[in-house]
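Hi everyone, thanks for making time for this. Let me put the sequence and the model up on the screen, and then we can walk through it together.

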Amino acid sequence: FEKLVKNDRDLIKESKILRVIEREIKKINKIQKLKSEDENKRQRIGEKIKDLEKCILNETSTSTIAIGHTRWATHGIPSINNAHPHKSEKVVLVHNGIIENYLELKEELTEKGYNFLSETDTEVIVHLIDYYHKNMEFEDAVRKALKKLKGAYALVILSVLSPDSIIGVRKDSPLVFGIGEDGYYLASDVPAFLKRTKKVIFLND
């Protein structure tokens with residue numbers, strides 16, 4: 001390295017470049033690790049909740065963030081492929097509501113190289129956010145994707161690039177925020193976390 005630099009100014013410049021490279025390598029390693037963990041941790045069942053309980057009963061995790069969903073078939077039959085959470089390369093989410101223009105968006109995303117594994121409108125949302133997330137921060141990607149959605153939605157979203165963050169957003173579909181002593185909760189209705197807390201904020205669109 002010292003042979004490559006001719007003076008202090010070059011040294012500073014090269015040091016900055018190395019720091020950028022190191023930061024990008026760490027980011028890539030984090031993505032790969034989280035993607036691997038995600039493959040092991042995402043559990044979906046197309047039938048009864050009790051069957052899901054059997055799958056996760058003996059699992060251990062160091063994560064302090066989790067999302068889950070019990071769905072009914074807005075689009076597609078109840079099945080593992082149609083079950084939530086849905087994921088893309090960097091993004092995973094759950095969704096209540098109906099996206100009216102999902103076929104149009106699905107066609108656009110297919111042309112951009114995204115493969116769809118379900119019959120749901122939800123998978124369109126997760127790929128759309130992932131598409132924008134390639135070139136912008138997590139929250140900005142969510143905001144930009146929402147501008148293209150027509151319909152009703154309550155979303156809870158995670159990103160492998162922001163492992164300590166969770167985003168909840170709603171439009172014409174209920175989403176409530178619970179404040180507990182041991183954590184925070186997002187759900188479509190209060191009974192979902194009533195055993196944990198009675199402090200609730202009803203979110204606006």
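Let's begin with a question: where is the place of His133? His133 sits in helix 4; helices here are DSSP runs of H or I with at least four residues, strands are E runs of at least two, and both are numbered from the N terminus. Before I go further, a word on the ground rules: this is a predicted model, where local features need pLDDT of at least 70, side-chain atom pairs count only at pLDDT 80 or more, and totals for chains, interfaces and linings use all residues. Residues are numbered from 1 along each chain as its sequence is written, and side-chain values use heavy atoms, with hydrogens and water left out.

Back to His133. With a relative accessibility of 4%, His133 counts as buried; that word means under 20% relative accessible area, exposed means over 50%, and partly exposed is in between, using a 1.4 Å probe and protein chains only. Neighbours within four places in sequence aside, His133 is in contact (heavy atoms within 4.5 Å) with Lys90, Val91, Phe138, Ala141, Ser159 and Leu161.

Now the helix itself. Helix 4 covers residues 122-133, 12 residues in total, and spans 17 Å from first C-alpha to last, close to the expected 16 Å; that expectation is 1.5 Å times one less than the number of residues. Is this helix enclosed or open? Helix 4 is largely enclosed by the rest of the structure, because 11 of its 12 residues are buried. Its cover includes strand 1 (86-87), strand 2 (91-99), helix 3 (102-111), helix 5 (138-146) and strand 3 (151-159).

That brings me to the nonpolar cores, meaning sets of buried Ala, Val, Leu, Ile, Met, Phe, Trp, Tyr and Cys residues joined through side-chain atoms within 4.5 Å. The largest has 25 residues, and the members touching the most others are Ile129, Leu149, Leu155 and Ile157. Helix 4 gives the largest share of this core, 6 residues. Looking at Ile157, and not counting residues up to four places away in sequence, its contacts include Val91, Ile129, Phe138 and Ile167.

There is also a second, separate core of 5 residues, which includes Val176, Ala187, Val190 and Phe193. Ala187 belongs to strand 6 (residues 184-187) and is buried at 11% relative accessibility.

Finally, charges. How many salt bridges does the structure hold? There are 8, each one a side-chain nitrogen of Lys or Arg within 4 Å of a carboxyl oxygen of Asp or Glu. Glu89 pairs with Lys90 at 3.9 Å, N to O, and with Lys134 at 3.2 Å, N to O. Glu89 lies in the loop between strand 1 and strand 2 and Lys134 in the loop between helix 4 and helix 5, so this pair ties together parts 45 residues apart in sequence. Lys90 is buried at 11%, whereas Glu89 is partly exposed at 39% and Lys134 is partly exposed at 38%. Together with Asp130, Glu89, Lys90 and Lys134 form a linked network of salt bridges.

One more pair to finish: Arg196 and Asp182 meet in a salt bridge at 3.4 Å, N to O. Arg196 is exposed at 54%, and Asp182 is exposed at 53%.
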